[in-house]
Amino acid sequence: RDLELLRALCDLRALTTDQVRRLAFPSEQTALRRLRRLESANLVRCFGTPASAVRVVTLTRRGSEVVTTERGSVRAAALPSPVFLRHLVAVNDLRIALGHCLRERKDVELVAFASDRDRAFVGNGRQPKPLLSLETSSEGAAGMLRHVPDAAFLLRRGTRSAGFLAELDLGTEVVGDRRRGVGKAIHFYLNALPQGVRGPETFFGAGGTSTYRVLFLTTSEQRIQNIRRRWGTLPTKPEAVKRFVWLGTLDVLQGNEFLRHPWRSLDPLDGAQYTMIHEREE
């Protein structure tokens with residue numbers, strides 16, 4: 001279990017103490033007791049930060065060496081600035097929630113998962129680019145629209161697969177401006193989804209999936225209503241594209257109902273609820 005935790009810290013860069021508990025331990029008390037022992041052994045570091053209500057856990061140099069010895073190589077463990085640490089924690093919440101649900105669903109397979117920090121090699125002497133770099137054209141706009149989602153993952157059930165592009169809004173960005181923040185992301189998807197999203201084949205594979213949904217998680221029901229009112233009422237061709245953008249609150253990432261969560265679409269006239277996995281009759 002200790003090795004699994006060190007591997008997780010290597011892959012995810014930083015976990016809150018609550019995320020450590022959810023990943024590997026039956027109770028908060030057990031998790032904190034074990035973390036104290038790992039910290040005493042100089043394998044992990046626990047610290048407080050204004051970016052998180054609870055303490056954050058990272059690997060020490062010695063902890064990184066343990067994973068390096070086992071794997072043969074290890075990615076850099078540098079942390080983002082405090083401004084972006086909350087975002088990293090939120091992406092890890094998504095990955096943990098997805099993992100919990102899939103352990104209970106043996107019929108559903110996670111084929112791939114990536115976040116906005118993953119990079120793709122593009123040639124010698126050139127800077128790696130974001131693995132999830134997407135682009136599309138836009139009517140009335142010069143050049144291409146480009147965007148990097150916060151995370152993406154591919155699920156497979158039997159012979160069918162579906163790709164999900166996830167956006168995690170922590171309530172700090174503007175909603176109404178299409179040039180930045182929430183508005184920029186939604187403006188991109190409303191243009192990209194009807195034409196086909198260019199770029200995910202790099203991650204999902206050329207034959208991965210032709211079906212994409214955008215999961216937009218935000219801080220409150222009020223903010224969902226603000227997003228629907230601002231962007232869901234704009235004329236879009238086709239109007240049905242709004243029903244491929246699903247909205248929910250970040251709270252859903254704290255439980256075990258992520259795959260069964262009822263999502264609402266961007267379209268305020270759409271009264272339907274959508275789920276990531278359709279429950280079929282046996």
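Reply: The structure holds 15 salt bridges. This is a predicted model, where local features need pLDDT of at least 70, side-chain atom pairs count only at pLDDT 80 or more, and totals for chains, interfaces and linings use all residues. Residues are numbered from 1 along each chain as its sequence is written, and side-chain values use heavy atoms, with hydrogens and water left out.

Me: What makes D18 and R21 a salt bridge?

Reply: The term needs a side-chain nitrogen of Lys or Arg within 4 Å of a carboxyl oxygen of Asp or Glu. In D18 and R21 the closest N and O atoms are 2.9 Å apart.

Me: Why are D18 and R21 separated by about one helical turn?

Reply: They are three residues apart in helix α2, residues 17-24. An α-helix has 3.6 residues a turn, so residues three or four places apart point the same way. Helices here are DSSP runs (H or I, at least four residues), strands are runs of E (at least two), and both are numbered from the N terminus.

Me: Why does D18 count as partly exposed?

Reply: Buried means under 20% relative accessible area, exposed over 50%, and partly exposed in between (1.4 Å probe, protein chains only). D18 has 28% relative accessibility, so it is partly exposed. R21, at 28%, is partly exposed too.

Me: What does R22 pair with?

Reply: R22 forms a salt bridge with D93, with the closest N and O atoms 3.1 Å apart. This pair links distant parts of the chain: R22 sits in helix α2 and D93 in helix α5 (residues 82-104), 71 residues apart. Both R22 and D93 are buried.

Me: Which residue forms a salt bridge with D169?

Reply: R223, with the closest N and O atoms 2.5 Å apart. Again distant parts of the chain are linked: D169 is in the loop between β10 (160-168) and α6 (181-195), R223 is in helix α8 (residues 221-231), and 54 residues separate them. D169 and R223 are both buried.

Me: How do you know that the buried residues of α8 are on the same side?

Reply: Those residues are R223, I224, I227, R228 and W231. They cover an arc of only 140° around the axis, so they lie on the same side of α8. The arc is that of the directions from the helix axis to the C-beta atoms.

Me: What do the buried residues of α8 pack against?

Reply: They pack against α6, β11 (212-218), β12 (245-249) and β13 (264-265). Contact means heavy atoms within 4.5 Å.

Me: Where is P238, and what kind of peptide bond joins K237 and P238?

Reply: P238 lies in the loop between α8 and β12. The bond from K237 is cis, with omega about -10°.

Me: Why is R13 called buried?

Reply: R13 has a relative accessible area of 17%, so it falls under the limit for buried. R13 is in the loop between α1 (2-12) and β1 (15-16). Its phi is near 75°, a positive value in a residue other than glycine.

Me: Is N42 buried or partly exposed?

Reply: Partly exposed, at 42% relative accessibility. N42 is in the loop between α3 (28-40) and β2 (44-47). N42 has a positive phi of about 60°, although it is not a glycine.
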